[in-house]
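Good morning, and thank you for coming. Please look at the structure on the screen while I take you through a few of its features.

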Amino acid sequence: MPRKLLLPYKSVFSHFRAPRGLHDSLAMNAARSGYRVFSANSTAACTELAKKITERLGAELGKSVVYQETNGETRVEIKESVRGQDVFIIQTIPRDVNTAVMELLIMAYALKTSCARNIIGVIPYFPYSKQSKMRKRGSIVCKLLASMLAKAGLTHIITMDLHQKEIQGFFSFPVDNLRASPFLLQYIQEEIPDYRNAVIVAKSPDAAKRAQSYAERLRLGLAVIHGEAQCTEQDMDDGRHSPPTVKNATVHSGLELPLMMAKEKPPITVVGDVGGRIAIIVDDIIDDVESFVASADILKERGAYKIFIMATHGILSADAPRLIEESSIDEVVVTNTVPHEVQKLQCPKIKTVDISLILSEAIRRIHNGESMAYLFRNITVDD
């Protein structure tokens, strides 16, 4: 297979790079007045992605007002008719996650009561996606959010790189989980000099499948970091001892359970050769960067001379920009699924890849009833 076919968005979407061709093909849909695109964010920084998407579609953002009242309540007002139309709500998630969720829910319900035909949420980074598994006495918050979105009136969701692909099963309506990997692969090929001397690194065994997918498509080697620094699960005492450790407790004489072996964290090690190579760590989310900084340090000790981090969602909370700037990481590349302009000002090592192209094409295809398979060409299951 020719190498250029491995990166579909560089070739498949090449015709969208010409603004005239883009507007000629997409503006026709806006003229038909069959759909509207709204932004559910109340902050200006979060509407940048929505503006880029509508610009590619040749459409205008729908007229609405989203704001917080003095008592902290969220108010949404739709300023134009949406009766019988397909409505797309673009909602990027800022640091104030809960406010963004309420904005999305209230706008969806407002559109539902305004008799919109279909309400499609465009949520590039789906919040609470890390809380998709039961942890001790916790809850699966992601399932709760999926139920709330359905109740509010959403009929479809477009998202990108869900933290766990099984999250799609939480929804009672269709979910299109797009991939950012072709854009990140294209960045590696075009922006990293001598990338042929690179090795793709998984910072934990859990990320090995994603790293293997990148390595195979770029024809590069693979390395996996394994050990104590990457272990984030904490075996904390939560009081659930059975039988309880109480003096004079009576246990049934015939009940003999196998002795549970205590967990032992192995010493940190790198499986694979990174000496004299460029190390490219790939993941879906970069939030708290301590584990990435620790991974970069161990890779430097093993002989890697440059460290790149590629991730879809650059949340970069707390002191992440400062830690990245002071670390041995050379560059952090993320997409604009999450607004991070403030972090970029604090740390010049942070670079952004624009993914508005694929989101706008997904909107166009859903509205026209076209197949979405075209957007998943050469996409592997492990991406």
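Predicted model: local features only at pLDDT ≥ 70, side-chain atom pairs only at ≥ 80, totals over all residues.

Phe 171 and Phe 173 are both buried, where buried means under 20% relative accessible area with a 1.4 Å probe and protein chains only, over 50% being exposed and values in between partly exposed. For Phe 171 the relative accessible area is 11%, and for Phe 126 it is 2%, which also counts as buried.

Residues are numbered from 1 along each chain as its sequence is written, and side-chain values use heavy atoms, with hydrogens and water left out.

How many aromatic pairs does a search of the whole structure find? It finds three. Rings of Phe, Tyr and Trp (its six-membered ring) pair if their centres lie within 6.5 Å; planes under 30 degrees apart are stacked, over 60 edge-to-face, and the rest tilted. Phe 126 and Phe 171 make an edge-to-face pair, at 5.5 Å centre to centre and 75 degrees between the planes. Phe 126 belongs to the loop between strand E5 (118-123) and helix H5 (141-152), and Phe 171 to the loop between strand E6 (156-160) and strand E7 (175-178), so their pair ties together parts that are 45 residues apart in sequence. Helices (H or I, at least four residues) and strands (E, at least two) are DSSP runs, numbered from the N terminus. The ring centres of Phe 171 and Phe 173 are 5.4 Å apart with planes at 55 degrees, so that pair is tilted. Together, Phe 126, Phe 171 and Phe 173 form one aromatic cluster.

Let me turn to a helix. Is helix H6 (residues 181-191) mostly covered or mostly uncovered? Helix H6 is mostly covered, with nine of its eleven residues buried. Among them are Phe 183, Leu 184, Leu 185 and Tyr 187.

A charge also meets a ring: the charged end of Lys 203 sits over the ring of Phe 292, 4.8 Å from its centre. This requires NZ of Lys or CZ of Arg within 6 Å of the ring centre and within 35 degrees of the ring normal.

Finally, the chain as a whole. The protein chain has eleven helices and 14 strands, and 49% of its 383 residues count as buried. Of its contacts (heavy atoms within 4.5 Å) with a separation of 6 or more, 70% are between residues 24 or more positions apart.
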